[in-house]
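The following exercises concern the fold and the surface of one protein model. Please work through each task before reading its solution.

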Amino acid sequence: MVQKLKRIDVEEKLKSLGVSVFSPREFRDIFRVSLNTASLFIARNLKSGLFVKVRNGYYIVKDSSVSNFFIANKIYCPSYISLNAALAHYNIIPEVVYATTSVTLKISREFSTSKGLFVYQRIKRSDQYPF
């Protein structure tokens, strides 16, 4: 049987589960619908304003108060918040950091989103610190 998704029910369930950043596949798993249905629902509700696109394949609930650190780790995995971003967050350095910078073992990337600028710098894998 085909399940009809209602905007208010979707918003309440996502908030009750603490899901603020999600992909269409995660949405599909939460609501037990097909990937096509999930993608269509997300696309329609992007236009209506329930969801905000963070980058291709990742969305957030519009009124959620999710940290940029959480978004940074979610939209490019595996990644880890860099020292500069953490030091600025805890007011240890006086400089203003405009981008949320992370390190990754994947290729370097940069994403400019409505939630801010996310920069990922590649580091080499070390035998001493194999993460």
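**Exercise 1.** Determine what share of the contacts with a separation of 6 or more joins residues 24 or more positions apart.

*Solution.* Take a contact as heavy atoms within 4.5 Å. Among contacts in the protein with a separation of 6 or more, 42% are between residues 24 or more positions apart. The model is predicted: local features need pLDDT of at least 70 and side-chain atom pairs count only at pLDDT 80 or more, whereas totals for chains, interfaces and linings use all residues. Residues are numbered from 1 along each chain as its sequence is written, and side-chain values use heavy atoms, with hydrogens and water left out.

**Exercise 2.** Describe the order of the secondary structure elements along the sequence.

*Solution.* Helices (H or I, at least four residues) and strands (E, at least two) are DSSP runs, numbered from the N terminus. The protein has five helices and seven strands. Their order is α-β-α-α-β-β-α-β-α-β-β-β.

**Exercise 3.** State the extent of the C-alpha trace and the share of buried residues.

*Solution.* Along the principal axes, the C-alpha trace spans about 55 × 35 × 25 Å. With buried defined as under 20% relative accessible area (1.4 Å probe, protein chains only), 33% of the 131 residues are buried.

**Exercise 4.** Find the accessible surface of the protein and the part that belongs to carbon and sulfur atoms.

*Solution.* Apply the Shrake-Rupley method with a 1.4 Å probe. The accessible surface comes to about 8,700 Å². Carbon and sulfur atoms hold 53% of this surface.

Note on methods
Buried means under 20% relative accessible area, exposed over 50%, partly exposed in between (1.4 Å probe, protein chains only).
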